[in-house]
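Hi everyone, thanks for coming. Let me put the structure up on the screen, and then I'll walk you through it.

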Amino acid sequence: MSTGVFDAYELPDGVRCLQMLNSVNVCEGFSVRYPSLDDSDKDVLVKLLIEGNAAIKNMPVSEIIQAIGKVAKRFMDKDDPLRHEALEIMVPTAGVSSEMAETILAGMSADWTGEKLTELLEREFASPAILDGFQRIDSGRSQMAYGFTFNLTVGSGTVPGVGVTALIRALLLKSSILMKPGLGDVALPVLFARALREESEVFRKCLAVAYWDGVKERIGDKILDKAGVVVVYGSQETIRSIRNQIPKTTDLVAYGQRLGVGLVGREALSEMGALQTAQKVAMSISTFDQKGCVSPQVLYVEQGGEVAPVDWVQVLASAMDELEKQLPSGALSQQEVIGVQQLRAAIELKQLAGTGVLLYKGTHESWTVIFDPDLSLKWSDCRRAVYVKPIADLMIAKTLLADSENCLQTVAIVGAVSRKENIAASLAQVGVTRVTSFRQAPWPKPWWHHDGRSVFQGLFKLIDVEDIID
Amino acid sequence: MEINLRKKKEGKARFFKREFASLKMSDFTNMATELVDAFEEPITGPWDDDVFSRFAVKIFGYQYRSNPSYAKYAKKRGVTPSNIQDWKEIPPVPTLAFKEFPIISGELGAVETVFKTSGTSRGSHQGKHHILDLSLYRASIVGSMKHHFYSEQRPALLALVQNPIASPFSSLSFMLGEALHTLSMGRGGFYVDKDNRIQYEKLVSRLRKLESSKESVLFAGTAFAFVHWADWLEEKGLCFQLPKGSTIIETGGFKGRSRVISRLDLYETLASLHHIPVSSIVSEYGMTEMLSQFYEKTSRVPQTGEVKHLGYQPPPWLRSLVLDVNTLAPLPAGKEGVLCHFDLANLGSAMAILTEDVGVAFDGEGIRLVGRLDGSEERGCSLAMDDFYSNQR
C-alpha cells in the first residue's frame, strides 16, 4: 500500500491561496491535499485565467499539439520520472492495482500524442488552421473556429485519464481551462498540467487544475458566472445540481453515467472459440475495474451456439479468475466491500430459491459473475461484477433495454458479424450510440462520438465572414 | 402463549424445546397478534435480552420453516432452529435481496401490500418489501411515535410527503398516514401533491393557524423536502413561531448520498425559520425493508453552542449489531462497521437485515450512522436531487 501525500492542484502563477490546505484520506496512509479557495481566491483565479487566455489564443495550434504531444511521450517513456510518479499516485488515488495503472496510462497516453491529436483535428475540422485564423471555406465565406475564453470542466473521477482528455480538448480550442477532477482522477490532470507548464510559459497562464470536495463546497458563482462553457462528467445528481447553478445563458456539456452492455452472438460460442470469447469479454469487463461508462455490466448471450450460455458462463468465470491474476483489481473501499457482500448474499439467496440463478465469484471481493435467466434488466455497480442473461436472439436485446434509453451508450458485440448492422440499427432505437468489439470497448478512439456527440460539440463557435456584395 | 416483556424465569433449553415442538406456518397470525400486543405496551426501556431473544429466535424458527430459500441460506451458515442459542446468531438477509426477488416468510397469496424503494442506486430495479400483515407495521409505528412524540400531548401532524393514496407504495407515506390518523386524530395533512410539488401556500396557511391557536405541531418530511421548504421560506422572507412543544422530524435523505448542505446547517436553518430550539428537531432512520424505525434527538452543548446528535434509539423490538465489514463478525461498542438490524416487526419477510449503512453502536442502546468514508465517491446511477425531494421509502 502506498503511503504519502499528493498535492492535487496546479494553479496559474499569481494565485496565492495556498496558506489553507485541506486533506482527504484516499486510503490508509495516503492523503490528497487541496487548496481552500475562498471567494476572493476564486475571483483572482478566474481573472488570471481569462487574462491569460490571450497567450494561448496567439499560439498556433500546431505548437499546442507539439507541447501536449511531448508530455504524452513523457507518460509513455518508461525511464521518465513523470511516468513513475503518475503510476505511483494513480494506485492509491484511483484505487487501481499497479498493473491496471500501467494498462490505463499506456492506453490513455497513446491517444494524447501529437500524431493522434493532429489526426483528431483533421477529422473534426476540414483544416485545423481554422483554429488559428480565417480560412476560405467556399466561394462566399471565410471561417474561423474559436473556443470559449474560459472553460470550466468538472470531472467524475471514475476513470483515470478522462480528465486529461477533457483538458486537452479545451487547450486545442485555445480555451483557458479550470479543471476540477474527481478524486479518483486527480493524479493525471495535475501531473499533466505540471509538465505542460514546463513546456511553455503560455500554459502557466491559461491552465488550472484543482481538486476540492464538491459535496462540501460548491463551485461558486465567482467561477460559474464567468465560464463560457461548463463541461460536467458525473451522476445525474451532479449534472442537475450544476445545471441549476449556472446562468441560463451558459452552455452546459454533460456526460452522465451510462450502462455498458455486451452481446455475445451464438457464432462466438463454438466449442473452439468459447474460451477466447470469454477472455475478450473478461478483459473488457475488468479494464478500469469496470468503472468506465464503456464497461459492460450486463451481457446478453445468445442461445443456439455449440456452447450453451449456462455453460459458457463458467468459462467466463474462469477467464475472470485468470485475468484477476494478470491484471488484479484495486483495493476496495469499505463501502465497496459492503456492496460486494450485499450482491453475493442476495444472489446466493436467489439461487437457493430455485430461480435458476448461478453465482460465480473470485476470492475476496475481486470479481462476481451472475447467470440469471430472468431477463429483466439488472446490473450491479460493484467492480468486476456482471449479470449474464441467456436470450434466444440478439435482436431481442433492444426490447430488454428499452426502459434504459437515457443511460445507454456503448454496446460491445462478439459474433453476429453479418447481423451487426441490423442489431446496431435496432439498438439505435433505444439510445445506443456506439457498437464495437469487446476488445475496443474500453478504448474508444480520440474522435469517438461520446454519447453520440462529436468531440468538440458545444466547446467552440464558428465565425463566418461573408463576402461583402454591395 | 405469552412472553412477558420482562425477564422470564425459565431455562433456555426448556423454552426452545417447548416453542419449536408446536411451531407451524399457520402460527403467523398468532405470532403477529402476540407481537402487536407487545408493541402496544407502553415503552419503558429496552426489553431484557432474554425476552428479545425469545421473540427473535421464535421468529427465526417461523421464518426458517416458512421461507425455504432462507432456511437453506441459514443452514449453509450452520444455523437452524434446533441449534440456535441467541438472536445474534440469526443469519441476516441483505437489503439488496429485496431488489432481486420477493422475500416472503409465508404465503405469497397472503401479501397485503407491497412497499417499494425509490431504487435507482444499485441497478435500475426497485426494492420491494412484501407485507403480510399491516397490523404489525401499524403497531410498530404507533408504539414508537407515541413514545417519542405523543406521550405528553397530541400535536397536529403536517407531512412534507405525498399522501398514502397518491403514493401507495411508499412506506414513509403509510407511516405518516398512520400517525396522522391514529395519533393526531386526523388533525393535520399532507403537503406534497401528486406531482411531487410542495403545496407552499396551503402549508403556510395551516402553520399560521396552528401558530395562532398555539397548538403544537409535528412537522415531518424528508431532508431534501425541508431543504426546498427552507429555500422557499428564505426567498419569500417568511418564518414561523411554532407553538411550544412542536417538533420537526427529518426522515433521512442524507444517508450515504452526496449533498450540498450539511445536516447541521439544515437543522440550524430549520430551527431559526420555525423559531424552535435545535433540540426540537428529531431525525428518523428507517428503510423500506424494515417495519420499525430509529429516532435520534439533538442537543446543543451549552458551553460551545455545538449541536450534537445523540444517537438513533430503536424501539424495544428492534436491535442492531455492528459487524466487521470484511468478516461480518460482531464488533464491540465504539467500533465502526456495517449495520445489521433485527426487527421483530418483519415477521412476514426477514427479521434480520444486513444493511449497507456504516455505523457505531453506543455502550447502552442506540447507534450512530457514519455513512460513507472519505474518498468513497458514489458509483453507479445515483439518485437525482429531486428524487430526495420525493419519498425515499
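**A walk through chains B and A**

In chain B, 69% of the contacts between residues at least 6 apart in sequence join residues at least 24 apart; a contact here means that C-beta atoms, placed from the backbone, lie within 7 Å. Please keep in mind that this is a predicted model, where local features need pLDDT of at least 70, side-chain atom pairs count only at pLDDT 80 or more, and totals for chains, interfaces and linings use all residues. Residues are numbered from 1 along each chain as its sequence is written, while chains are lettered from A and ligands numbered from 1 in the order in which they are written.

Chain B has 11 helices and 14 strands, which are DSSP runs numbered from the N terminus (helices H or I, at least four residues; strands E, at least two).

Now to chain A, which splits into domain 1 (4-257 + 452-466) and domain 2 (259-439), with bounds from an automatic or database domain assignment. Their C-alpha centres are 33 Å apart. At the boundary, 13 residues of domain 1 of chain A contact 14 residues of domain 2 of chain A. Helix α5 (residues 98-109) of chain A gives the largest share of the domain 1 side, 4 residues.

Next, the sheet. In chain A, 6 strands make an open, mixed sheet in the order β2-β9-β8-β7-β10-β11, where pairing takes at least two DSSP bridges between two strands. β2 (9-10) and β11 (251-256) of chain A are at the edges with a single partner strand each, so one side of each has no neighbour in the sheet. β2(A) pairs antiparallel with β9 (residues 207-210) of chain A over 2 bridges, and E10(A) has V209(A) as its bridge partner in β9(A).

Terms used
Contact = placed C-beta atoms within 7 Å.
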